[in-house]
Structure formats: structure tokens, C-alpha cells
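Here is a friendly briefing to read with the model open beside you.

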Amino acid sequence: MAEFNEFFAQGMAFLGAGIAVLTGFGPGIGQGYAAGKAVEALGRQPEAGSKIQSLMITGQAIAETTGLYGLLVAIFLIFVNGL
């Protein structure tokens, strides 16, 4: 039976944290796409600006949660030594 190697476990935690941080790419792309579409809609209907803006900000806040969850997982993996 293999021994528990503390350095291997810490290295795997750091590797997992690096992978978890990659979840920031999805929300970034999605928010950029949403902002672009909101600007297009604003160009077509300038009178609906406040409604478009509030819907865009709400959608971007929801999209950002996945990136924040990935960041929290990375922080827990790096700083919580519960192994």
C-alpha cells in the first residue's frame, strides 16, 4: 500500500486550482457577447436603453457566478490544507 505523500497531494491541489481558474474564460466570452448584442439592440431601439441595460446587467451577473465559483474552488484548494 502506498504511503500518503504530502508533496504530491499539495501539487495535485495546485494543479486542480489552475484548472479551476480556467472557468473564467467562459463567463468572459459570454459577457462580451451579451454586451455586443446589447449595443446592437441599443442602436436599433435607443428609446429602450434603460430596459436593455438592466436586462444585460442581470444576465451578466448570472453568467459571472460560474467564474466566481471556479475562483472560490481554486482559493479553497490553495489555502485550505484539510488533506
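## What covers what

Among the elements that cover the buried residues of α2 is α3, where contact means heavy atoms within 4.5 Å and buried means under 20% relative accessible area, exposed over 50% and partly exposed in between (1.4 Å probe, protein chains only). Helices (H or I, at least four residues) and strands (E, at least two) are DSSP runs, numbered from the N terminus. This is a predicted model, in which local features need pLDDT of at least 70 and side-chain atom pairs count only at pLDDT 80 or more, while totals for chains, interfaces and linings use all residues. Residues are numbered from 1 along each chain as its sequence is written, and side-chain values use heavy atoms, with hydrogens and water left out.

**The whole chain**

- The protein chain has three helices and zero strands, and its elements follow the order α-α-α from the N terminus on.
- With a radius of gyration of 20 Å, well over the 12 Å that the globule rule gives for 83 residues, the protein chain is more spread out than a compact globule.
- That radius is taken over C-alpha atoms, and the globule rule is 2.2 Å times the number of residues to the power 0.38.
- Along the principal axes, the C-alpha atoms of the protein chain fill a box of roughly 70 × 15 × 15 Å.
- Of the 83 residues of the protein chain, 16% count as buried.
- Among contacts in the protein chain with a separation of 6 or more, 76% come from residues 24 or more positions apart.

**Helix α1**

- α1 has 16 residues and reaches 23 Å from its first C-alpha to its last, close to the 22 Å expected at 1.5 Å a residue; the expected span of a helix is 1.5 Å times one less than its number of residues.
- Which residues of α1 are buried? They are Ala-9, Ala-13, Ala-17 and Ala-20.
- Seen down the axis of α1, these buried residues fall within an arc of 80 degrees, so they line one face of the helix; the arc is that of the directions from the helix axis to the C-beta atoms.
- An α-helix has 3.6 residues a turn, so residues three or four places apart point the same way.
- Phe-7, Phe-8 and Ile-19 are exposed on the face of α1 turned away from its buried side.
- The cover over the buried residues of α1 includes α3.

**Helix α2**

- α2 has 20 residues and reaches 29 Å from its first C-alpha to its last, close to the 28 Å expected at 1.5 Å a residue.
- The buried residues in α2 are Pro-27, Ala-38 and Ala-41.
- They cover an arc of only 60 degrees around the axis, which puts them on the same side of α2.
- The other side of α2 has exposed residues, including Phe-25, Ile-29, Tyr-33 and Val-39.

**Helix α3**

- Helix α3 (residues 49–79) has 31 residues and reaches 44 Å from its first C-alpha to its last, close to the 45 Å expected at 1.5 Å a residue.
- Where does α3 bend? The bend is at Thr-65, by about 25 degrees, taken as the angle between axes fitted to the seven residues ending there and the seven starting there.
- Gly-49, Ile-52, Gln-60, Gly-67, Gly-70 and Ala-74 are the buried residues of α3, and their cover includes α1 (6–21) and α2 (25–44).
- Gln-60 has a relative accessible area of 18%, so this residue is buried.
- Leaving out residues up to four places away in sequence, Gln-60 touches Gln-31, Ala-34 and Ala-35.

**Pairs to look up**

- Val-73, in helix α3, counts as partly exposed at 42% relative accessibility.
- Val-73 and Ala-20 are 53 residues apart in sequence and 6.5 Å apart in space, C-alpha to C-alpha.
- Gly-24 sits in the loop between α1 and α2 and is partly exposed, at 39% relative accessibility.
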